[in-house]
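Please look over the sequence and the structure below before reading on. The paragraphs that follow lead through them step by step.

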Amino acid sequence: MRGRVRGWAMRHCDAQHPPLPRLGSVPELPEVEALAQDLRRRLVGRAISRVDLTAFSALKTFDPPLQALHGTLVDDVTRHGKFLDIDASGVHLVIHLARAGWIRWRDEVPDLPARPNPKNPLAARVVIDDPDLEAQPGLDITEAGTKKGLAIYVVRDPQEVEGIARLGPDPLSDDFTIDVLRQILEAEGRKQVKGVMRMQSIIAGIGNAYSDEILHAARMSPFKPANSLDATELQTLYDAVRRTLGDAVQRSAGLAASELKGEKKSNLAVHGRTGQACPVCGDIVREVSFADSSLQYCATCQTGGKPLADRRMSRLLK
């Protein structure tokens, strides 16, 4: 078995380069698409000199070895859901961005290989060989915090990565029609529409933040059963998916990796804005908490003015 897979994730910079302002949400389709565009512009046609691995648990595959990337030429950088795919002479360096991972471009990296350091968030470094430059540029793949989820895969085919093989349709592809969305929602029965939209095996690339934003744009309760939408609600939700994600991709296009997180945060209407005014109606943005996450919504816009039950808070008050 080659290139067998286990996990996920990543985030940013080394001790000399402080991290970007924290966004507080996982990179999702628009940010990963913009990252792919930025890296494509920087990497295509350039050679990978070496890859330094400093967080050994992040590498989820063993065949091909990491050294198979050394001396390869980058042909393309693409996206599969939330996965980044650097195609270098037929060998794919695949990276999944989770809660605390990021990529930072550096115009100059040290000559000496990076070494493991538990106090340094650096997980891996991709060193670029460019004979036209005096200094070697490269990518720092980093992950902050103690909950490690960063996943790096070296494979011959992206479909060898289990997470990619299981992905649902991409919501910005031409194949993602309103009929496809209808079939998805009907198949999920009484499951809450918020949860359905976050499942990568059902729809690829949408996470906690953009599912909040899409449902707010559609003026729809996150607790609404997936199979209960009428024709008008289905059209409204479909339009909100395409418009919300499409606008975010368009805003992010051309931005460097260092600018993406700030751009996302400044354009969110409800996600991460508990207690602030809804930009549409002025009501207070409310929150429902779960074990390891939360959702934000506007009661006036989405639930007819009725606050949703926060089950975790209700248990604490008993």
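The angle between α5 and α6 is about 125°, and their axes are 8 Å apart. Axes here are lines fitted to C-alpha atoms, for helices over the stretch in contact, and angles run from 0 to 180 degrees between N-to-C directions. Helices (H or I, at least four residues) and strands (E, at least two) are DSSP runs, numbered from the N terminus.

This is a predicted model, in which local features need pLDDT of at least 70 and side-chain atom pairs count only at pLDDT 80 or more, while totals for chains, interfaces and linings use all residues. Residues are numbered from 1 along each chain as its sequence is written, and side-chain values use heavy atoms, with hydrogens and water left out.

On the α5 side, Tyr 210, Glu 213, Ile 214, Leu 215 and Ala 217 meet residues of α6 that include Leu 237, Ala 240 and Val 241; contact means heavy atoms within 4.5 Å. By class, this contact of α5 with α6 has 9 nonpolar, 1 polar and 2 charged residues. Ala, Val, Leu, Ile, Met, Phe, Trp, Tyr, Cys and Pro count as nonpolar, Asp, Glu, Lys and Arg as charged, and the others, Gly among them, as polar.

Helix α5 covers residues 208–217 and holds His 216. With 7% relative accessibility, His 216 counts as buried, where buried means under 20% relative accessible area, exposed over 50% and partly exposed in between (1.4 Å probe, protein chains only). Leaving out residues up to four places away in sequence, His 216 touches Ala 269, Val 270, Cys 278, Val 280, Cys 298, Cys 301 and Gln 302. In the loop between α5 and α6 lies Arg 219, which has a positive phi of about 55° although it is not a glycine.

Helix α6 (residues 231–252) also packs with helix α3 (residues 178–187), at an angle of about 115° and with the axes 10 Å apart. That makes α3 roughly perpendicular to α6. From α3, Ile 178, Leu 181, Arg 182 and Leu 185 meet Leu 234, Gln 235, Leu 237 and Tyr 238 of α6. The residues of this contact divide into 6 nonpolar, 1 polar and 1 charged.

Which residues have the most contacts inside the largest nonpolar core? They are Leu 43, Leu 84 and Ile 152, in a core of 37 residues. A nonpolar core is a set of buried Ala, Val, Leu, Ile, Met, Phe, Trp, Tyr and Cys residues joined through side-chain atoms within 4.5 Å. Helix α1 (residues 29–43) gives the largest share of this core, 6 residues. Apart from it lies another core, of 26 residues, among them Ile 202, Ala 218, Leu 237 and Tyr 238.

Some loops deserve a look as well. The loop between β1 (47–53) and β2 (74–80) contains Pro 64, which a cis peptide bond joins to Asp 63, with omega about 5°. In the loop between β3 (83–88) and β4 (91–96) sits Ser 89, whose accessibility of 46% counts as partly exposed. Arg 115, in the loop between β5 (101–106) and β6 (122–129), counts as exposed at 69% relative accessibility.

Overall, the protein has 9 helices and 10 strands, and buried residues make up 55% of its 318 residues.

Notes. Angles under 35 degrees count as roughly parallel, over 145 as roughly antiparallel, 65 to 115 as roughly perpendicular and the rest as oblique.
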